[in-house]
Amino acid sequence: MGMGSTAMVLTCSLHEVCGGEGGNESIKMSDVRAIFADKSTLTKVAAYCLTGQAAQALVFLNQPRFISIGISTQVIGIVTAASQMLCMMSARSYDIARKIGENAFLVITSLTVSVCFAAFAYSRSASAVIISYMLINAFTSFQWPVLEVIKNRAVRSENRATILSIYSLLYSAIGIVMNLTLSRLTTLSTSYPFMFLIVLTLAGSAGYLASVKKDSCSG
């Protein structure tokens, strides 16, 4: 019997486990209204969705770009590994955000990502492309812990898990639309996807700036 058949038999023999009351948690309209009422947090989350998904797209677009300016496959592997190691520093990113301010941190990192996207897309310097790629990945990773703190602090409902799941759903929904758009743009021109990603990161930066204004008005 193959592994697939064995897995099927074992799956069919499993007994259903009925969860407790905690498994019956449903979305309440009051929770949805609370999300839209907190415009500052929603704007920050939407801004990160744009910036984070743009950075995620580089998983598919980085190799053609690297190869187009003469970077070898071996060097690409080294750059990717170094980039992942740099992203691990995100565990300490909130310490920096706390010192300079969460809003300032998000705005600075987002604007830097926008500039790096332009350099990554249009620079003919291998060094500039590599550095830009690493900073894009690092700074979007650095934003994640800060956004998690902001989201958790903003949720005051008992239905915390559901509200956080809605925020995650927004990230996934934007990713689906973005990937479909990128697929279409790629068939038209190799430069269009990068132009689109630059626009997304600029929109993310604008979102962070708008959230700062909302915070100052509410304060």
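Q: Leaving aside its neighbours within four places in sequence, what is Thr 109 in contact with?
A: In this predicted model, Thr 109 contacts Phe 139 and Gln 143 once neighbours within four places in sequence are set aside. Thr 109 itself belongs to helix 6.

Q: What makes the pairing of the side chains of Thr 109 and Gln 143 a polar contact?
A: The two side chains are joined at 2.9 Å, and a polar contact requires N or O atoms within 3.5 Å. The pair is therefore counted as a polar contact, its distance being 2.9 Å. The side chain of Thr 109 also reaches the backbone oxygen of Leu 106, at 3.1 Å.

Q: Why is Thr 109 called buried?
A: Its relative accessible area is 4%, and the term applies under 20%. Thr 109 is therefore classed as buried.

Q: How do you know whether Ala 121 is buried or exposed?
A: Ala 121 has a relative accessible area of 12%. Buried means under 20%, so Ala 121 is buried. Across the chain, buried residues make up 38% of the 219 residues.

Q: Where does Ala 121 lie, and what does it touch, not counting residues up to four places away in sequence?
A: Ala 121 is part of helix 6, residues 102-122. Beyond residues up to four places away in sequence, Ala 121 touches Arg 65, Phe 194 and Ile 198. Ala 121 and Leu 197 are 76 residues apart in sequence, while their C-alpha atoms are 9.6 Å apart in space.

Q: How many helices and strands does the chain have?
A: The chain has 9 helices and 0 strands, and its pattern along the sequence reads α-α-α-α-α-α-α-α-α. Of the contacts with a separation of 6 or more, 81% are between residues 24 or more positions apart.

Q: Why are helix 6 and helix 7 called roughly antiparallel?
A: Helix 6 packs against helix 7 (residues 126-154) at an angle of about 155°, with axes 9 Å apart. Angles over 145 degrees count as roughly antiparallel, and helix 6 and helix 7 are therefore given that description. The contact of helix 6 with helix 7 comprises 17 nonpolar, 6 polar and 2 charged residues.

Q: What makes helix 3 and helix 6 roughly parallel?
A: Helix 3 (residues 39-68) and helix 6 pack at about 25°, and their axes are 11 Å apart. The limit for roughly parallel is under 35 degrees, so helix 3 and helix 6 are roughly parallel to each other. Helix 3 passes helix 6 in a left-handed crossing. By class, the contact of helix 3 with helix 6 holds 11 nonpolar, 4 polar and 2 charged residues.

Q: Which residues of helix 3 and helix 6 meet?
A: Residues of helix 3 in this contact include Thr 51, Leu 58, Asn 62 and Arg 65. Those of helix 6 include Leu 106, Val 113, Phe 117 and Ala 121.

Q: Why are helix 5 and helix 7 called roughly perpendicular?
A: Helix 5 (residues 93-100) and helix 7 pack at an angle of about 70°, with their axes 8 Å apart. The range for roughly perpendicular is 65 to 115 degrees, and helix 5 and helix 7 are therefore roughly perpendicular to each other. Helix 5 passes helix 7 in a right-handed crossing. Ser 93, Tyr 94 and Ala 97 of helix 5 make this contact with Phe 142, Pro 145, Val 146, Val 149 and Arg 153 of helix 7. By class, the contact of helix 5 with helix 7 has 6 nonpolar, 1 polar and 1 charged residues.

How values were computed. Residues numbered from 1 in each chain as written. Predicted model: local features only at pLDDT ≥ 70, side-chain atom pairs only at ≥ 80, totals over all residues. Heavy atoms only, no water. Helix = DSSP H or I, 4+ residues; strand = E, 2+ residues; numbered from the N terminus. Buried < 20%, exposed > 50% of the residue type's maximum accessible area, 1.4 Å probe, protein only. Contact = heavy atoms within 4.5 Å. Polar contact = N/O pair within 3.5 Å; in protein donor to acceptor, adjacent residues only side chain to side chain. Axes fitted to C-alpha atoms, helices over the stretch in contact; angles between N-to-C directions. Nonpolar A, V, L, I, M, F, W, Y, C, P; charged D, E, K, R; others polar. Left-handed = near helix turned anticlockwise from the far one by under 90°.
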